[in-house]
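Student: Could you walk me through reading a pocket, and then burial, in a model like this one?
Tutor: Gladly; let us look at it together.

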Amino acid sequence: MGKGRPRKAVKRTPSGQISRAGKVPTRTAGNDKAVERARRYRSNGHDPVGRAFETGLLGRGEDGRPSQAARLRLDMARALYRAYWPMLGVGRIGCTLGDSSGSSGDGNLKSEQWLKRQMDIIGLQGTSERSAFDELVLDGHFDEGPVWLDRLLAHSPRTGDQEKIELAIAVIDRVAKKT
């Protein structure tokens with residue numbers, strides 16, 4: 001009488017493990033929507049500012065591709081996002097006396113001071129500029145959204161959609177100039 005589950009009737013290695021010889025690893029690309037997003041936005045489809053960058057809404061060069069200014073806008077926006085959520089969005093992570101590498105508290109303190117200076121430049125909540133900036137950069141629209149950006153990407157904008165992207169870009173540019 002055996003104990004446990006019966007062994008699978010498959011080819012095994014001398015050590016008794018199931019043999020993986022001859023198996024080719026396969027890559028699952030995802031569903032049709034995921035494949036289309038990867039084709040359209042490359043590796044920048046996970047956030048609104050990345051989708052805007054890939055489609056040229058942050059700025060185009062003479063060759064029709066995103067410009068160097070657009071790349072700087074993307075980098076600044078992502079730096080603000082990465083700094084914002086751990087410090088102001090959900091509260092500080094870890095000890096105030098050390099940064100992520102475990103050294104003295106200067107790293108966290110400097111990051112927090114930098115972020116607070118940037119937030120002062122960005123401006124007060126409730127303004128149309130800040131609202132557009134928050135929707136494009138800080139809010140968690142990972143697969144789609146904000147609605148006005150989706151309409152711009154679909155080439156069916158409504159009145160005010162272009163103004164929102166311009167307001168958000170103006171805030172990003174203002175922050176980039178001051179740093």
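Tutor: On a 1 Å grid over the protein atoms alone, a pocket is an open set of points with protein on both sides within 12 Å along at least five of seven lines, and lining residues have an atom within 4 Å of a point. Points are joined across faces, edges and corners, and the volume is the space filled by probe spheres set on them. This is a predicted model: local features need pLDDT of at least 70, side-chain atom pairs count only at pLDDT 80 or more, and totals for chains, interfaces and linings use all residues. Residues are numbered from 1 along each chain as its sequence is written, and side-chain values use heavy atoms, without hydrogens and water.

Student: What volume lies in the largest pocket?
Tutor: About 200 Å³.

Student: Which element gives the most to its lining?
Tutor: Helix α1, with five residues. Helices here are DSSP runs (H or I, at least four residues), numbered from the N terminus. Among the lining residues are Lys33, Arg37, Tyr41, Asp150 and Leu153.

Student: How many charged residues are in that lining?
Tutor: Eight, alongside three nonpolar and no polar ones. Asp, Glu, Lys and Arg count as charged; Ala, Val, Leu, Ile, Met, Phe, Trp, Tyr, Cys and Pro as nonpolar; the others, Gly among them, as polar.

Student: Is Asp120 buried or exposed?
Tutor: Exposed, because its relative accessibility is 65%; buried means under 20%, exposed over 50%, partly exposed in between (1.4 Å probe, protein chains only). Asp120 lies in helix α4 (residues 106-122). By contrast, eight of the 11 residues of α5 (128-138) are buried, including Phe133 and Leu136.

How values were computed:
Helix = DSSP H or I, 4+ residues; strand = E, 2+ residues; numbered from the N terminus. 1 Å grid on protein atoms, 1.4 Å probe; cavity = no way out; pocket = protein on both sides within 12 Å on 5 of 7 lines; lining within 4 Å.
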